Amino acid sequence: MLRTIAAGVTRTGEVGMLRERVETMPGSGDHLAGADAPSGVLVGVSPVTVTVAEKSTQKSGAENVGLLHVLVVDDDEAVRKACCQIASRMGFAVVLGADSATAARAILKHQRIDVLLLDLKLPGGGGLPLLEQVKTLHPDTAVIVMTAFATVASAVEAMRIGAGDYLTKPFALEELTTVLERTAQQLELDVQSRLLRERLRTQQGMGGLVGRSPEMEKLYRILSKVAYSTHPVLILGESGTGKELVARSIHFNGPNAAKPFVTVDCGSLVPTLIESELFGHVKGAFTGADRAKEGLLASAEGGTVFLDEIGELPLDLQTKLLRALQEKEVRPVGSTVAKPISARVLAATNRDLAGMVERGSFRKDLYFRLNVVNLRIPPLRNRREDIAALAMHFLERMEKESGVKRTFSDSTLRVMTEYDWPGNVRELENAIERACALSSGPVLHMGDLPTQLQNFRLQQGTTVRQEEEQPERRESASGGEIVSIAEMEKHAILGTIRQLKGDKLMAAKLLGIGKTTLYRKLKEYGITEGLGE
């Protein structure tokens, strides 16, 4: 017989079984001793069921259960205490109970609560208003609602407000433990997601991903979620935007980071050998196959296979790849025995796969199989505010390689920010490498950059080199008066900070001064914050 938490129990035998079972639970003490007939818990007598139930409450599947705080809100004392006891036995750090919405609000005001088990029918205001208040003031708290008066309308309303799960009384003990475990696992995933998103956002150069623009923030949010899943991901973007870097970030920030990451460049494989490269072959399968070879899909066992330039794959191989992804097995060339594969698949292309599907040059079923999650990387021209950070990132990396410290002139950085970069991040990186190779000093000028950037600047009608070499010709806006060096210095510092939207650390790097010096100068100017407008 199944152990069940229920509402409205009146059978004497079942109540007696509850008391006998609870009293024999290790650590139960007298939580339910002296309570009225528990209107909520039925306990079966099958020894097998009891053993399974005990095991189900001994350890939760989530690793962070021992850090979570649980609050059970139910006006039925027996149900409340039983739920608290089950949560305690599962290993939750803090388990509290409240018999009304008012008592729950008092606890929430002074105590962090991670999981709220909430009855919808409560004295002192009811459960739905409390749920709405909790999701407004504590949006990270996971809420599980339970009621013996379940209706479709109440379930929909609770989910709309923000409940994560729903239990209808009577519910099995195993169902309660499953829901608590699932909620704890989801909270753990959410925390990992937030940490990963913060690392991606704040640590420049992590996995090659640099930028704080709204477009990159959106990308980081999606990356932080898909990194911990196993779904296929289709990465779209122009050439040079960093599709492989995104794929590597997904793999190396996920749970299988220690497993292989295998890149398959579908555009560079020899057409006659693509099948052998992907699926492998046995000895003697074709001329020159003097030994067996494991395919790339099978070699990434438990890891990730990155199919770069998937749009270049021939149609006949698209069919075989689709079958391999669906059946999770490959058949090496010349073999009659299929080999299972367990790798996650990421794919990328700079082509319009949807258009190719319409034209019949790419299989629709393979497109939908790969396009479970879609990531579109923005071109560099759509996130110009990241160009300065990217440029400094590449410059710092080259400084580590060469040991030579360099910086950009103001006009050079301004032109790089205004340029459209049709080759995206790859073109920017190559341009800075060229500038470092040709530069004759620590400051990189326009003349050190590739020809296309110099032509772009000339098309704007300004000769940057003349501005840099003849500063004495510059006149202030006040009508030709001589400007002091201190005033020019102040103008340069404040202008750079404004251009970088208040990023003082980046401004100090670009100006070639220490951050302490920068803050001292700002203090002299009477400025302590702002300049980000």
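In which crossing, left-handed or right-handed, does helix 4 pass helix 5? The tour below reaches that pair at its first stop.

**Before starting**

The structure is a predicted model, in which local features need pLDDT of at least 70 and side-chain atom pairs count only at pLDDT 80 or more, while totals for chains, interfaces and linings use all residues. Residues are numbered from 1 along each chain as its sequence is written, and side-chain values use heavy atoms, with hydrogens and water left out.

**The whole protein**

Display the entire protein first: it has 22 helices and 19 strands. These elements are DSSP runs numbered from the N terminus, with helices being H or I of at least four residues and strands being E of at least two. Of the 533 residues, 46% are buried; buried denotes under 20% relative accessible area, exposed over 50%, and partly exposed in between, with a 1.4 Å probe and protein chains only. Among contacts between residues at least 6 apart in sequence, 71% join residues at least 24 apart, a contact being heavy atoms within 4.5 Å.

**Stop 1: helices 4 and 5**

Select residues 101–110 for helix 4 and residues 127–137 for helix 5; the two pack at an angle of about 15°, with their axes 10 Å apart. Helix 4 is therefore roughly parallel to helix 5. Axes here are lines fitted to C-alpha atoms, for helices over the stretch in contact, and angles run from 0 to 180 degrees between N-to-C directions. Angles under 35 degrees count as roughly parallel, over 145 as roughly antiparallel, 65 to 115 as roughly perpendicular, and the rest as oblique.

The opening question is answered here: helix 4 passes helix 5 in a right-handed crossing. A crossing is right-handed if the near helix is turned clockwise from the far one by less than a right angle, and left-handed if anticlockwise. Show the side chains of A101, A104, R105 and L108 in helix 4, which meet P129, L130, Q133 and V134 in helix 5. This contact comprises six nonpolar, one polar and one charged residues. In this classification Ala, Val, Leu, Ile, Met, Phe, Trp, Tyr, Cys and Pro are nonpolar, Asp, Glu, Lys and Arg are charged, and the others, Gly among them, are polar.

**Stop 2**

Next, select E277 in helix 10, residues 274–279. E277 is partly exposed, at a relative accessible area of 21%. Its side chain is joined to that of K293 by a polar contact of 2.8 Å. Such a contact is a pair of N or O atoms within 3.5 Å; within protein, one must be able to donate a hydrogen and the other to accept it, and residues adjacent in sequence count only if both atoms are side-chain atoms. Setting aside residues up to four places away in sequence, E277 touches L269, K293, G295 and L296.

Move to E309, in the loop between strand 13 (304–308) and helix 12 (315–327). E309 has a positive phi of about 55° although it is not a glycine, and E309 counts as buried at 18% relative accessibility.

**Stop 3**

Select S409, in the loop between strand 18 (407–408) and helix 16 (410–418). S409 counts as buried at 9% relative accessibility, and its side chain makes a polar contact of 2.6 Å with that of T412.

Within helix 17, pick E429. Leaving aside neighbours within four places in sequence, E429 is in contact with F394, R397 and M398. The C-alpha atoms of E429 and F394 are separated by 6.4 Å, although the two are 35 residues apart along the chain.

**Stop 4: two further helix pairs**

Select helix 15 (residues 387–402) and helix 21 (residues 504–511), whose axes come within 11 Å and cross at roughly 55°. The two helices are therefore oblique to each other, and helix 15 passes helix 21 in a left-handed crossing. At their contact, A388, A389, M392 and E396 in helix 15 meet M506, K509 and L510 in helix 21.

Finally, select helix 20 (residues 485–499) and helix 22 (residues 515–524), whose axes come within 11 Å and cross at roughly 110°. Helix 20 and helix 22 are therefore roughly perpendicular to each other. E489, I493, L494 and I497 in helix 20 meet L518, K521 and L522 in helix 22, a set of five nonpolar, no polar and two charged residues.
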